[in-house]
Amino acid sequence: MEHAAPAEVVQRGLQDIVALESHITFIDGKGGRLLYEGYDIRDLAEHATFEEVAYLLWHGRLPTRAQLDELKQRLVGLRGLPEPLARLIDSLPTDSNPMDMLRTAVSGLGLFEQPEEQPGPSSVEGALRLTATLPTMIGRFQRRRTGLAPLKERPDLSHAENLLYQITGREGSEIENRALDVALILHADHELNASTFAARVTASTLSDLYSAVTSAIGTLKGPLHGGANERAVELLDEIQDVSRVDEVVSAKLARHERIMGFGHRVYKVEDPRATILRAWLHRVGESAGNLHAYEMLEKEREVVHRKKGLYSNLDLYSGSLYSLLGVPKDLFTPIFAVSRVAGWAAHVLEEYQDLRLIRPSALYVGPTELHYVPIAERGP
Ligand code: CMC
(Lines give C-alpha, C1' and ligand atoms only; values in the text may rest on other atoms or scores of the structure.)
Protein backbone atom coordinates (compact mmCIF):
# COMPACT_ATOMS: atom_id res chain seq x y z
CA MET A 1 0.00 0.00 0.00
CA GLU A 2 1.45 3.36 -1.00
CA HIS A 3 1.52 6.35 1.30
CA ALA A 4 2.07 10.03 0.70
CA ALA A 5 5.19 11.81 2.00
CA PRO A 6 5.84 11.77 5.77
CA ALA A 7 4.01 14.36 7.86
CA GLU A 8 6.98 16.72 8.05
CA VAL A 9 5.00 19.95 7.58
CA VAL A 10 2.05 19.20 9.88
CA GLN A 11 1.72 21.53 12.89
CA ARG A 12 -0.57 19.49 15.12
CA GLY A 13 -3.27 21.60 16.71
CA LEU A 14 -2.08 24.47 14.47
CA GLN A 15 0.32 25.26 17.31
CA ASP A 16 2.54 28.28 16.57
CA ILE A 17 0.79 28.91 13.25
CA VAL A 18 0.03 32.60 12.74
CA ALA A 19 -3.28 32.38 10.91
CA LEU A 20 -4.34 36.02 10.51
CA GLU A 21 -3.76 39.63 11.54
CA SER A 22 -5.91 41.08 14.30
CA HIS A 23 -6.00 44.36 16.18
CA ILE A 24 -8.24 43.07 18.99
CA THR A 25 -6.11 41.26 21.55
CA PHE A 26 -2.39 41.06 22.21
CA ILE A 27 -0.91 38.42 24.49
CA ASP A 28 2.67 38.75 25.74
CA GLY A 29 3.20 35.24 27.06
CA LYS A 30 6.70 35.88 28.43
CA GLY A 31 5.93 39.21 30.04
CA GLY A 32 2.52 38.06 31.33
CA ARG A 33 0.62 40.91 29.66
CA LEU A 34 -2.77 40.92 27.98
CA LEU A 35 -4.06 43.91 26.00
CA TYR A 36 -7.50 44.56 24.52
CA GLU A 37 -7.19 47.09 21.66
CA GLY A 38 -3.95 48.33 23.24
CA TYR A 39 -5.29 48.67 26.82
CA ASP A 40 -3.73 46.56 29.55
CA ILE A 41 -6.18 44.13 31.13
CA ARG A 42 -5.06 45.33 34.59
CA ASP A 43 -6.05 48.87 33.70
CA LEU A 44 -9.42 47.75 32.35
CA ALA A 45 -10.12 45.48 35.33
CA GLU A 46 -9.35 48.37 37.65
CA HIS A 47 -11.37 51.09 35.95
CA ALA A 48 -13.72 49.83 33.23
CA THR A 49 -17.05 48.01 33.19
CA PHE A 50 -17.94 45.05 31.01
CA GLU A 51 -20.17 47.27 28.88
CA GLU A 52 -17.25 49.62 28.20
CA VAL A 53 -15.02 46.69 27.28
CA ALA A 54 -17.65 45.29 24.89
CA TYR A 55 -17.79 48.70 23.17
CA LEU A 56 -13.99 48.77 23.03
CA LEU A 57 -13.83 45.34 21.40
CA TRP A 58 -16.52 46.12 18.83
CA HIS A 59 -15.42 49.65 17.92
CA GLY A 60 -11.69 49.61 18.66
CA ARG A 61 -11.89 52.60 21.02
CA LEU A 62 -13.32 53.39 24.45
CA PRO A 63 -16.79 54.98 24.35
CA THR A 64 -17.63 58.54 25.28
CA ARG A 65 -20.20 58.96 28.08
CA ALA A 66 -22.99 59.36 25.50
CA GLN A 67 -21.87 56.30 23.52
CA LEU A 68 -21.67 54.20 26.67
CA ASP A 69 -25.09 55.33 27.85
CA GLU A 70 -26.55 54.43 24.49
CA LEU A 71 -24.91 51.00 24.48
CA LYS A 72 -26.18 50.26 28.00
CA GLN A 73 -29.67 51.35 27.07
CA ARG A 74 -29.63 49.17 23.97
CA LEU A 75 -28.37 46.15 25.92
CA VAL A 76 -31.16 46.54 28.49
CA GLY A 77 -33.77 47.01 25.75
CA LEU A 78 -32.68 43.84 23.96
CA ARG A 79 -32.72 41.49 26.98
CA GLY A 80 -36.12 39.95 26.24
CA LEU A 81 -36.47 36.72 24.27
CA PRO A 82 -38.94 36.19 21.42
CA GLU A 83 -41.88 34.30 22.96
CA PRO A 84 -41.45 31.12 20.86
CA LEU A 85 -37.79 30.97 21.85
CA ALA A 86 -38.70 31.34 25.54
CA ARG A 87 -41.15 28.44 25.05
CA LEU A 88 -38.44 26.41 23.32
CA ILE A 89 -36.13 26.84 26.33
CA ASP A 90 -39.00 25.84 28.63
CA SER A 91 -39.58 22.70 26.59
CA LEU A 92 -36.00 21.40 26.85
CA PRO A 93 -35.28 18.53 29.24
CA THR A 94 -34.44 20.03 32.61
CA ASP A 95 -31.37 17.83 32.86
CA SER A 96 -29.95 19.22 29.60
CA ASN A 97 -26.34 20.35 29.66
CA PRO A 98 -26.65 24.16 29.98
CA MET A 99 -24.13 24.63 27.17
CA ASP A 100 -26.30 22.51 24.87
CA MET A 101 -29.27 24.67 25.89
CA LEU A 102 -27.28 27.83 25.14
CA ARG A 103 -26.09 26.55 21.76
CA THR A 104 -29.68 25.66 20.81
CA ALA A 105 -31.10 28.97 22.06
CA VAL A 106 -28.49 31.09 20.25
CA SER A 107 -29.09 29.17 17.05
CA GLY A 108 -32.85 29.64 17.60
CA LEU A 109 -32.45 33.38 18.19
CA GLY A 110 -30.97 33.73 14.71
CA LEU A 111 -34.30 32.55 13.26
CA PHE A 112 -36.06 35.59 14.68
CA GLU A 113 -33.77 38.18 13.13
CA GLN A 114 -35.02 40.24 10.20
CA PRO A 115 -32.69 39.84 7.19
CA GLU A 116 -31.68 43.50 7.47
CA GLU A 117 -30.66 42.84 11.07
CA GLN A 118 -28.29 40.09 10.02
CA PRO A 119 -24.98 41.70 10.82
CA GLY A 120 -22.88 42.87 7.93
CA PRO A 121 -19.35 44.20 7.97
CA SER A 122 -20.06 47.30 10.03
CA SER A 123 -23.09 46.21 12.08
CA VAL A 124 -22.90 45.52 15.79
CA GLU A 125 -26.65 44.90 16.01
CA GLY A 126 -26.33 41.13 16.38
CA ALA A 127 -23.46 41.54 18.85
CA LEU A 128 -25.70 43.69 21.05
CA ARG A 129 -28.64 41.30 20.85
CA LEU A 130 -26.58 38.21 21.62
CA THR A 131 -24.74 39.89 24.49
CA ALA A 132 -28.03 41.13 25.94
CA THR A 133 -29.91 37.83 25.70
CA LEU A 134 -27.39 35.22 26.88
CA PRO A 135 -28.02 36.00 30.60
CA THR A 136 -31.77 35.82 29.98
CA MET A 137 -31.45 32.40 28.34
CA ILE A 138 -29.32 31.05 31.18
CA GLY A 139 -31.57 32.59 33.84
CA ARG A 140 -34.74 31.24 32.28
CA PHE A 141 -33.28 27.74 32.03
CA GLN A 142 -31.94 27.86 35.60
CA ARG A 143 -35.31 29.01 36.99
CA ARG A 144 -37.19 26.36 35.09
CA ARG A 145 -34.98 23.46 36.10
CA THR A 146 -35.29 24.50 39.73
CA GLY A 147 -39.09 24.71 39.46
CA LEU A 148 -39.31 28.51 39.58
CA ALA A 149 -41.15 30.99 37.36
CA PRO A 150 -39.07 33.28 35.13
CA LEU A 151 -37.97 36.54 36.70
CA LYS A 152 -39.34 39.93 35.67
CA GLU A 153 -36.90 42.09 33.75
CA ARG A 154 -34.83 44.52 35.80
CA PRO A 155 -33.79 47.37 33.50
CA ASP A 156 -32.10 49.12 36.43
CA LEU A 157 -29.40 46.43 36.66
CA SER A 158 -26.08 46.51 34.81
CA HIS A 159 -25.03 43.56 32.68
CA ALA A 160 -23.12 41.83 35.49
CA GLU A 161 -25.78 42.64 38.09
CA ASN A 162 -28.46 41.27 35.80
CA LEU A 163 -26.49 38.10 35.15
CA LEU A 164 -26.16 37.37 38.86
CA TYR A 165 -29.81 38.24 39.43
CA GLN A 166 -30.94 36.00 36.57
CA ILE A 167 -28.97 33.02 37.88
CA THR A 168 -29.53 33.34 41.62
CA GLY A 169 -32.78 35.32 41.81
CA ARG A 170 -31.15 37.75 44.22
CA GLU A 171 -29.39 41.07 43.88
CA GLY A 172 -25.70 40.81 44.60
CA SER A 173 -23.85 43.06 47.02
CA GLU A 174 -21.72 45.83 45.57
CA ILE A 175 -18.57 43.77 45.96
CA GLU A 176 -20.13 40.64 44.44
CA ASN A 177 -21.45 42.57 41.45
CA ARG A 178 -18.12 44.23 40.83
CA ALA A 179 -16.29 40.89 41.16
CA LEU A 180 -18.54 39.39 38.49
CA ASP A 181 -18.13 42.48 36.31
CA VAL A 182 -14.34 42.08 36.51
CA ALA A 183 -14.60 38.35 35.75
CA LEU A 184 -16.62 39.21 32.63
CA ILE A 185 -13.97 41.74 31.58
CA LEU A 186 -11.19 39.19 32.06
CA HIS A 187 -12.91 36.51 29.95
CA ALA A 188 -14.08 38.80 27.14
CA ASP A 189 -11.38 37.94 24.62
CA HIS A 190 -8.20 35.91 24.33
CA GLU A 191 -6.90 36.08 20.78
CA LEU A 192 -7.30 32.96 18.62
CA ASN A 193 -8.47 30.49 21.25
CA ALA A 194 -10.36 27.48 19.89
CA SER A 195 -13.90 28.92 20.14
CA THR A 196 -12.90 32.26 18.62
CA PHE A 197 -11.14 30.47 15.80
CA ALA A 198 -14.28 28.38 15.23
CA ALA A 199 -16.34 31.58 15.08
CA ARG A 200 -13.93 33.12 12.58
CA VAL A 201 -13.89 30.00 10.39
CA THR A 202 -17.70 30.13 10.23
CA ALA A 203 -17.73 33.88 9.50
CA SER A 204 -15.05 33.45 6.84
CA THR A 205 -17.58 31.59 4.68
CA LEU A 206 -19.73 34.76 4.87
CA SER A 207 -22.11 32.99 7.19
CA ASP A 208 -23.97 35.07 9.80
CA LEU A 209 -23.03 36.02 13.36
CA TYR A 210 -25.60 33.67 14.97
CA SER A 211 -24.11 30.70 13.12
CA ALA A 212 -20.60 31.80 14.11
CA VAL A 213 -21.54 32.11 17.80
CA THR A 214 -23.35 28.76 17.66
CA SER A 215 -20.09 27.19 16.39
CA ALA A 216 -18.16 28.98 19.13
CA ILE A 217 -20.45 27.77 21.93
CA GLY A 218 -20.15 24.17 20.71
CA THR A 219 -16.37 24.59 20.81
CA LEU A 220 -16.25 26.29 24.21
CA LYS A 221 -18.25 23.43 25.71
CA GLY A 222 -15.30 21.01 25.55
CA PRO A 223 -13.45 20.41 28.84
CA LEU A 224 -10.10 21.31 27.26
CA HIS A 225 -11.41 24.81 26.66
CA GLY A 226 -14.25 26.10 28.84
CA GLY A 227 -14.51 23.36 31.45
CA ALA A 228 -11.27 23.64 33.46
CA ASN A 229 -12.74 25.92 36.17
CA GLU A 230 -15.46 23.39 37.00
CA ARG A 231 -12.81 20.71 37.46
CA ALA A 232 -10.69 23.03 39.61
CA VAL A 233 -13.63 23.37 42.01
CA GLU A 234 -14.24 19.62 41.93
CA LEU A 235 -10.67 19.11 43.13
CA LEU A 236 -11.30 21.44 46.08
CA ASP A 237 -14.46 19.44 46.86
CA GLU A 238 -12.35 16.29 46.85
CA ILE A 239 -9.59 17.76 49.03
CA GLN A 240 -12.04 19.35 51.49
CA ASP A 241 -9.48 20.80 53.88
CA VAL A 242 -6.35 22.92 53.54
CA SER A 243 -4.40 20.40 55.61
CA ARG A 244 -4.88 17.79 52.86
CA VAL A 245 -3.87 19.92 49.88
CA ASP A 246 -0.19 18.96 49.81
CA GLU A 247 -0.89 15.24 50.13
CA VAL A 248 -3.69 15.05 47.52
CA VAL A 249 -2.07 17.34 44.94
CA SER A 250 1.36 15.73 45.33
CA ALA A 251 -0.17 12.27 44.83
CA LYS A 252 -1.91 13.44 41.66
CA LEU A 253 1.26 14.98 40.30
CA ALA A 254 3.17 11.79 41.09
CA ARG A 255 0.57 9.93 38.98
CA HIS A 256 1.18 12.49 36.18
CA GLU A 257 -2.35 13.82 36.49
CA ARG A 258 -3.03 17.38 35.38
CA ILE A 259 -4.11 19.89 37.98
CA MET A 260 -6.76 22.11 36.45
CA GLY A 261 -6.10 25.83 36.63
CA PHE A 262 -2.34 25.50 36.13
CA GLY A 263 -0.12 25.88 33.07
CA HIS A 264 -0.88 27.67 29.85
CA ARG A 265 -0.02 27.21 26.20
CA VAL A 266 0.82 30.90 25.78
CA TYR A 267 1.75 32.31 29.21
CA LYS A 268 5.13 31.21 30.51
CA VAL A 269 4.65 33.26 33.68
CA GLU A 270 1.44 33.73 35.66
CA ASP A 271 -1.63 34.47 33.60
CA PRO A 272 -2.32 38.17 34.46
CA ARG A 273 -6.03 37.39 34.68
CA ALA A 274 -5.31 34.86 37.43
CA THR A 275 -3.50 37.49 39.51
CA ILE A 276 -6.49 39.84 39.26
CA LEU A 277 -9.11 37.20 39.96
CA ARG A 278 -7.20 35.85 42.96
CA ALA A 279 -7.43 39.30 44.56
CA TRP A 280 -11.17 39.39 43.86
CA LEU A 281 -11.68 35.90 45.29
CA HIS A 282 -9.98 37.13 48.45
CA ARG A 283 -12.12 40.29 48.60
CA VAL A 284 -15.40 38.43 48.10
CA GLY A 285 -14.36 35.64 50.47
CA GLU A 286 -13.41 38.14 53.14
CA SER A 287 -16.67 40.03 52.84
CA ALA A 288 -18.59 36.72 53.04
CA GLY A 289 -16.48 35.56 56.01
CA ASN A 290 -15.47 32.52 53.96
CA LEU A 291 -11.83 32.25 52.87
CA HIS A 292 -11.90 28.46 52.72
CA ALA A 293 -11.48 28.18 48.93
CA TYR A 294 -8.97 31.02 48.82
CA GLU A 295 -6.77 29.40 51.45
CA MET A 296 -6.91 25.98 49.79
CA LEU A 297 -6.01 27.53 46.43
CA GLU A 298 -3.08 29.41 47.95
CA LYS A 299 -1.73 26.13 49.28
CA GLU A 300 -2.40 24.41 45.96
CA ARG A 301 -0.55 27.18 44.15
CA GLU A 302 2.46 26.77 46.42
CA VAL A 303 2.54 22.96 45.99
CA VAL A 304 2.12 22.94 42.19
CA HIS A 305 4.76 25.63 41.74
CA ARG A 306 7.20 23.89 44.06
CA LYS A 307 6.73 20.47 42.44
CA LYS A 308 6.21 21.37 38.78
CA GLY A 309 7.23 25.02 38.38
CA LEU A 310 3.79 25.75 36.91
CA TYR A 311 1.87 29.00 37.37
CA SER A 312 -1.85 29.40 37.88
CA ASN A 313 -4.21 30.45 35.13
CA LEU A 314 -7.60 32.17 35.17
CA ASP A 315 -9.51 28.92 35.64
CA LEU A 316 -8.01 28.29 39.05
CA TYR A 317 -10.01 31.14 40.54
CA SER A 318 -13.12 31.78 38.44
CA GLY A 319 -15.03 28.69 39.60
CA SER A 320 -14.38 29.32 43.30
CA LEU A 321 -15.47 32.94 42.84
CA TYR A 322 -18.68 31.92 41.08
CA SER A 323 -19.38 29.33 43.79
CA LEU A 324 -19.13 32.04 46.45
CA LEU A 325 -21.67 34.06 44.43
CA GLY A 326 -24.07 31.10 44.52
CA VAL A 327 -23.64 29.97 40.91
CA PRO A 328 -24.07 26.21 40.29
CA LYS A 329 -21.02 24.49 38.82
CA ASP A 330 -22.57 23.63 35.46
CA LEU A 331 -23.22 27.34 34.81
CA PHE A 332 -19.53 28.29 35.01
CA THR A 333 -18.95 27.64 31.30
CA PRO A 334 -22.18 29.42 30.26
CA ILE A 335 -20.92 32.47 32.22
CA PHE A 336 -17.70 32.20 30.21
CA ALA A 337 -19.88 32.40 27.07
CA VAL A 338 -21.77 35.45 28.43
CA SER A 339 -18.45 37.24 28.50
CA ARG A 340 -16.66 35.74 25.50
CA VAL A 341 -19.58 36.50 23.17
CA ALA A 342 -18.25 40.07 23.14
CA GLY A 343 -14.92 38.82 21.82
CA TRP A 344 -16.48 36.33 19.39
CA ALA A 345 -18.58 39.12 17.89
CA ALA A 346 -15.56 41.45 17.65
CA HIS A 347 -13.61 38.77 15.79
CA VAL A 348 -16.52 38.02 13.46
CA LEU A 349 -16.84 41.72 12.63
CA GLU A 350 -13.09 41.91 12.04
CA GLU A 351 -13.29 38.81 9.82
CA TYR A 352 -16.01 40.42 7.69
CA GLN A 353 -13.82 43.48 7.19
CA ASP A 354 -10.87 41.52 5.82
CA LEU A 355 -12.58 38.44 4.51
CA ARG A 356 -10.54 35.49 3.40
CA LEU A 357 -12.04 31.98 3.48
CA ILE A 358 -10.21 30.03 6.20
CA ARG A 359 -9.44 26.70 4.64
CA PRO A 360 -6.18 24.97 5.65
CA SER A 361 -4.89 21.78 4.08
CA ALA A 362 -4.34 18.24 5.35
CA LEU A 363 -1.35 16.11 4.54
CA TYR A 364 -2.90 12.99 3.04
CA VAL A 365 -1.41 9.82 4.54
CA GLY A 366 -3.87 7.22 3.18
CA PRO A 367 -3.57 4.84 0.25
CA THR A 368 -3.70 6.13 -3.34
CA GLU A 369 -3.77 3.06 -5.60
CA LEU A 370 -6.92 1.15 -4.59
CA HIS A 371 -9.46 -0.11 -7.14
CA TYR A 372 -13.16 -0.73 -6.59
CA VAL A 373 -13.94 -4.32 -5.52
CA PRO A 374 -17.49 -5.70 -6.17
CA ILE A 375 -19.24 -6.34 -2.85
CA ALA A 376 -19.47 -10.11 -3.35
CA GLU A 377 -15.69 -10.32 -3.74
CA ARG A 378 -14.75 -8.35 -0.60
CA GLY A 379 -13.13 -10.13 2.29
CA PRO A 380 -14.16 -9.68 5.94
N1 CMC B 1 -0.86 19.95 35.82
C2 CMC B 1 0.18 19.10 35.83
N3 CMC B 1 1.12 19.08 34.89
C4 CMC B 1 1.00 19.95 33.89
C5 CMC B 1 -0.06 20.86 33.81
C6 CMC B 1 -1.01 20.84 34.83
N7 CMC B 1 -2.03 21.67 34.82
N8 CMC B 1 0.09 21.61 32.71
C9 CMC B 1 1.19 21.19 32.10
N10 CMC B 1 1.73 20.18 32.82
C11 CMC B 1 2.94 19.47 32.52
C12 CMC B 1 2.70 18.38 31.50
O13 CMC B 1 2.32 17.17 32.08
C14 CMC B 1 4.05 18.31 30.84
O15 CMC B 1 4.92 17.64 31.71
P16 CMC B 1 6.05 16.63 31.14
O17 CMC B 1 6.91 17.50 30.27
O18 CMC B 1 6.68 16.09 32.36
O19 CMC B 1 5.29 15.61 30.34
C20 CMC B 1 4.51 19.77 30.80
O21 CMC B 1 3.85 20.38 31.90
C22 CMC B 1 4.11 20.48 29.53
O23 CMC B 1 2.73 20.22 29.22
P24 CMC B 1 2.04 20.56 27.84
O25 CMC B 1 0.66 20.00 27.80
O26 CMC B 1 2.96 20.22 26.71
O27 CMC B 1 2.00 22.14 27.96
P28 CMC B 1 1.04 23.08 27.20
O29 CMC B 1 1.63 24.42 27.36
O30 CMC B 1 0.72 22.65 25.84
O31 CMC B 1 -0.31 22.93 28.08
C32 CMC B 1 -2.42 23.36 28.99
C33 CMC B 1 -1.20 23.95 28.27
C34 CMC B 1 -3.33 24.53 29.42
C35 CMC B 1 -3.17 22.43 28.04
C36 CMC B 1 -1.96 22.58 30.23
O37 CMC B 1 -1.17 23.39 31.05
C38 CMC B 1 -3.13 21.98 31.00
O39 CMC B 1 -3.62 20.89 30.66
N40 CMC B 1 -3.58 22.68 32.09
C41 CMC B 1 -4.73 22.23 32.85
C42 CMC B 1 -6.04 22.67 32.18
C43 CMC B 1 -6.29 24.14 32.36
O44 CMC B 1 -6.05 24.72 33.41
N45 CMC B 1 -6.83 24.74 31.29
C46 CMC B 1 -7.15 26.17 31.27
C47 CMC B 1 -6.17 26.91 30.43
S48 CMC B 1 -6.34 28.68 30.51
C49 CMC B 1 -7.83 29.00 29.69
C50 CMC B 1 -7.76 30.10 28.72
O51 CMC B 1 -6.72 30.71 28.46
O52 CMC B 1 -8.82 30.40 28.13
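A salt bridge is here a side-chain nitrogen of Lys or Arg within 4 Å of a carboxyl oxygen of Asp or Glu. By that rule, the count between domain 1 and domain 2 of this predicted model is one salt bridge. Asp237 forms a salt bridge with Lys329, with 2.9 Å between the closest N and O atoms; because the rule sets its limit at 4 Å, this separation of 2.9 Å falls within it.

The two partners belong to a protein whose domain assignment gives domain 1 as 22–222 + 329–353 and domain 2 as 228–324. The contact between them draws 27 residues from domain 1 and 26 residues from domain 2, while their centres, taken over C-alpha atoms, are separated by 26 Å.

The size of an interface is often given as the accessible area lost when the parts come together. For domain 1 and domain 2 the area buried between them is about 2200 Å², and 73% of it lies on carbon and sulfur atoms. Three residue pairs are found in polar contact across this interface, both residues of each pair being at pLDDT 80 or more.

On the side of domain 1 that touches domain 2, the elements giving two or more residues are these:

| Element | Residue range |
|---|---|
| strand E1 | residues 25–28 |
| strand E2 | residues 33–36 |
| helix H1 | residues 41–47 |
| helix H8 | residues 174–187 |
| helix H16 | residues 332–353 |

Of these, H8 gives the most to that side of domain 1, contributing nine residues. The residues of the side of domain 1 that touches domain 2 divide into 12 nonpolar, six polar and nine charged.

Notes: Residues numbered from 1 in each chain as written. Predicted model: local features only at pLDDT ≥ 70, side-chain atom pairs only at ≥ 80, totals over all residues. Heavy atoms only, no water. Domains from an automatic or database assignment. Contact = heavy atoms within 4.5 Å. Buried area = accessible area lost by both parts, 1.4 Å probe. Polar contact = N/O pair within 3.5 Å; in protein donor to acceptor, adjacent residues only side chain to side chain. Helix = DSSP H or I, 4+ residues; strand = E, 2+ residues; numbered from the N terminus. Nonpolar A, V, L, I, M, F, W, Y, C, P; charged D, E, K, R; others polar.
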